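Me: I'd like a close look at one part of this model. Here it is.

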Amino acid sequence: MSVSEDICLIGWGAIGARVAALLAERRSPVRIVAVAVRDASRSRRDLPKEAALISHPAELAGVKAKLAVEVAGRDSVLPWGRVVLEAGMDFAISSTSAFVDDRVLAELTKLAQARDAKLLVPPGALGGIDALAAAARLGLASVEHRIIKPARAWAGTIAENRCDLEALTEPTVFYADTARAAADAFPQNANVAVITSLAGIGLDRTRVSLVADPTALFNTHEIHAEGDFGRMEIRLENRPLATNPKSSEMTALNLVRLIENRVLPLLI
Ligand SMILES: NC(=O)C1=CN([C@@H]2O[C@H](COP(=O)(O)OP(=O)(O)OC[C@H]3O[C@@H](n4cnc5c(N)ncnc54)[C@H](OP(=O)(O)O)[C@@H]3O)[C@@H](O)[C@H]2O)C=CC1
Ligand SMILES: O=C([O-])CC(=O)C(=O)O
């Protein structure tokens with residue numbers, strides 16, 4: 001890795017801090033020049049020393065970077081995305097549940113086009129999205145996505161109204177609907193449903209089921225797709241992040257890959 005790149009992180013939670021730690025550990029030629037949080041008055045552990053801590057999109061005006069990576073939450077996507085893209089920076093989005101509102105995706109895409117910047121949707125906690133997106137070009141008949149997480153990962157969500165998470169003795173499907181409905185109802189657990197949909201057959205044709213498993217150790221994603229290309233089954237068993245059981249380690253790893261691919265001569 002030789003060329004270096006300056007980036008911003010929008011969010012310094014479980015995923016943002018993990019991405020920064022991995023980049024530092026791997027000595028990737030990347031400088032994190034700004035980190036955005038909600039509350040910039042609170043001091044942050046392990047913040048990269050060259051990073052400005054900011055909390056308002058207008059503060060990006062003084063920041064020179066080519067890429068901003070959002071790892072903050074659904075409500076942050078539009079306000080930060082507007083300023084990032086307006087400045088001509090590429091914008092990588094993790095809180096893809098923001099796109100359950102078609103207007104958000106339409107506005108950011110238009111802005112990216114106008115500024116010659118890129119709106120990037122990384123695979124998040126998933127893999128195999130390249131194959132799904134390729135297959136979709138020939139036409140897909142169906143895509144199903146099942147998300148299986150330990151019961152505790154669903155705590156604090158409307159799963160609690162549908163089953164007694166602490167009393168479960170076996171894997172329980174507590175929700176089944178379209179990807180749009182699932183990502184709307186579970187913005188911290190089902191961003192992936194939007195990624196599968198954008199790659200495949202859209203938010204209203206992609207079917208999602210959510211499972212709470214009292215004995216699960218992993219956040220598991222099972223995607224089944226059929227179409228003119230043939231059939232595919234994608235299954236990942238992701239280790240949850242120690243600092244947030246709702247989010248998977250793979251999400252941070254896919255962002256590290258995306259960032260490093262911007263500076264590597266060979267893209268894998
Ligand atoms: N695409 C995918 O496959 C996946 C996506 N995700 C999504 O990624 C996002 C980040 O996840 P995670 O790191 O676990 O979340 P955390 O809750 O651990 O961290 C969120 C961070 O974002 C900051 N933040 C929140 N809102 C704003 C805002 N409006 N402006 C600036 N900063 C803000 C918080 O600031 P403060 O510290 O001040 O509170 C915090 O630092 C979530 O939306 C999550 O659902 C997660 C897993 C997979
Ligand atoms: O990390 C995961 O397994 C998926 C996730 O939380 C999300 O899509 O929001």
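How many of the seven residues of strand E2 (residues 30-36) are buried?

Reply: Five of the seven residues in E2 are buried, so to speak "mostly covered", where buried takes 20 or more other C-beta atoms within 10 Å of a residue's own, exposed means 12 or fewer, partly exposed is in between, and the C-beta atoms are placed from the backbone. Bear in mind that this is a predicted model: local features need pLDDT of at least 70, side-chain atom pairs count only at pLDDT 80 or more, and totals for chains, interfaces and linings use all residues. Residues are numbered from 1 along each chain as its sequence is written, while chains are lettered from A and ligands numbered from 1 in the order in which they are written.

Now for the neighbours of E2. Strands here are DSSP runs of E with at least two residues, helices are runs of H or I with at least four, and both are numbered from the N terminus; two strands pair if DSSP finds at least two bridges between them. E2 pairs with E1 in the parallel sense over six bridges, and valine 30 of E2 is the bridge partner of glutamate 5. E2 also pairs with E3, again parallel, over three bridges; there, valine 35 has leucine 53 in E3 as its bridge partner.

Zooming out, the open, parallel sheet has six strands in the order E3-E2-E1-E4-E5-E6. E3 (52-54) and E6 (119-120) are at its edges with a single partner strand each, so one side of each has no neighbour in the sheet.
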